[in-house]
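Please walk me through the pockets of this structure and the parts of the chain that line them.

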Amino acid sequence: MNITASAPGKLLLMGEHAVVYGYPSLVTAIDQRFSVTLEETGVGEVVFDVPEGMDTRFIAKAVTMMETAWRVRFKGLTFHTKNGFSHTYGFGSSAAVVVAAIAAAAFYFGKNIAPKELFDLSYKTVLAVQGKGSGFDVAAAIFGGTLYFVTAGKIITPLPTKDMPLVVGYTGVKADTVTVVNEVGEKMKAQPERMNKIFDAITKLVEEGATNIRNGDWERVGRLMDVNQEYLRDLGVSSERLEALILAAKGAGAWGAKLSGAGRGDCMIAIVPKEKRKNVEEAIVKVGGQVIHTTPHAMGVRVES
Ligand code: PMV
């Protein structure tokens with residue numbers, strides 16, 4: 001028996017870092033999917049067959065978590081994982097693989113797992129390996145679409161939207177999320193008042209952003225992203241590469257642009273009028289960025305066979 005489940009990657013639209021400290025964020029699932037096939041081999045223990053360079057700790061931890069939670073034993077099973085996107089882009093491959101692996105295994109063991117249970121188990125797995133994280137990537141992988149998300153899944157609200165005019169530029173630099181999150185953590189310890197003020201201001205942008213995403217007022221969403229980027233600069237998580245791509249996008253007519261995720265690398269995102277898309281993409285490439293063609297608001301986890 002073979003069971004395949006797939007889960008989407010994600011992009012943070014607004015609210016990164018603040019969301020680690022109990023504040024809200026906006027996240028969208030993207031159609032770069034990650035899939036896991038569970039093959040019943042009937043021999044030996046559990047085997048992980050992953051693409052080269054991929055971290056197996058996440059999927060291995062997911063197995064021990066499921067064994068404890070469901071009182072089952074994984075034996076004679078191989079997990080084959082397939083990358084729909086490079087894990088260097090920062091699209092959330094770890095969260096997506098954990099979610100897809102648990103969804104496939106739940107199907108295999110005949111478990112009717114509710115989305116909230118899937119979230120809790122996946123989030124616990126990611127935290128056990130990574131130590132830190134808000135869980136926004138896990139939520140995007142499970143629920144898909146575009147979400148208003150508060151730390152640890154305290155609130156997960158789908159935002160109905162369509163035709164999000166998003167352009168994604170990869171800096172070519174892999175971000176080290178844990179290091180950047182820890183640096184922000186040090187600042188939080190040293191200057192809690194200043195940091196909470198910044199996070200309060202970002203929260204206002206996120207709230208307004210949610211309303212404007214619902215309304216499809218993309219020009220306004222772009223402007224809000226610009227202001228969000230100013231606060232991210234204040235936090236010290238931007239980089240020269242990110243700034244170059246952001247500047248290029250804006251110079252070519254984007255309504256707004258910002259980094260997406262931890263910062264210092266990975267991707268930037270821009271909200272762009274339809275007629276300017278080509279110009280913006282060319283401008284990003286001109287300054288050394290790589291345009292990644294992806295569709296936001298993608299479908300969440302699904303068992304495919
Ligand atoms: O680097 P990414 O794409 O995993 O995003 C990290 C976003 C943070 O808010 C900095 C951390 C988190 O877990 O929310």
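In the second largest pocket, β7 gives the largest share of the lining, with three residues. The model is a predicted one. Two or more lining residues of this second largest pocket come from each of β7 (166-170), α9 (277-286) and β10 (290-292). The lining numbers 16 residues in total, and those nearest the centre of the pocket are Met164, Arg277, Thr294, Thr295 and Pro296. Sorted by class, the lining of the second largest pocket holds seven nonpolar, five polar and four charged residues. The volume of this pocket is about 210 Å³.

Next comes the largest pocket. Rolling a probe the size of a water molecule over the atoms shows where empty space is left. For the largest pocket, the volume is about 830 Å³. Its lining is made up of 41 residues, and Ser94, Gln130, Asp137, Lys174 and Thr177 are the closest to the centre.

Which elements each supply at least two residues of the lining of the largest pocket? They are the strand β1 (2-14) and the helices α1 (57-70), α2 (93-108), α3 (115-130), α4 (136-143) and α5 (177-190). Among them, α3 provides the largest share, which is four residues. As for the class of the residues, 18 in the lining of the largest pocket are nonpolar, 14 are polar and nine are charged.

Notes: Residues are numbered from 1 along each chain as its sequence is written. This is a predicted model: local features need pLDDT of at least 70, side-chain atom pairs count only at pLDDT 80 or more; totals for chains, interfaces and linings use all residues. Side-chain values use heavy atoms; hydrogens and water are left out. On a 1 Å grid over the protein atoms alone, a cavity is a set of points where a 1.4 Å probe fits but cannot get out, and a pocket is an open set with protein on both sides within 12 Å along at least five of seven lines; lining residues have an atom within 4 Å of a point. Grid points are joined across faces, edges and corners, and a volume is the space filled by probe spheres set on the points. Ala, Val, Leu, Ile, Met, Phe, Trp, Tyr, Cys and Pro count as nonpolar, Asp, Glu, Lys and Arg as charged, and the others, Gly among them, as polar.
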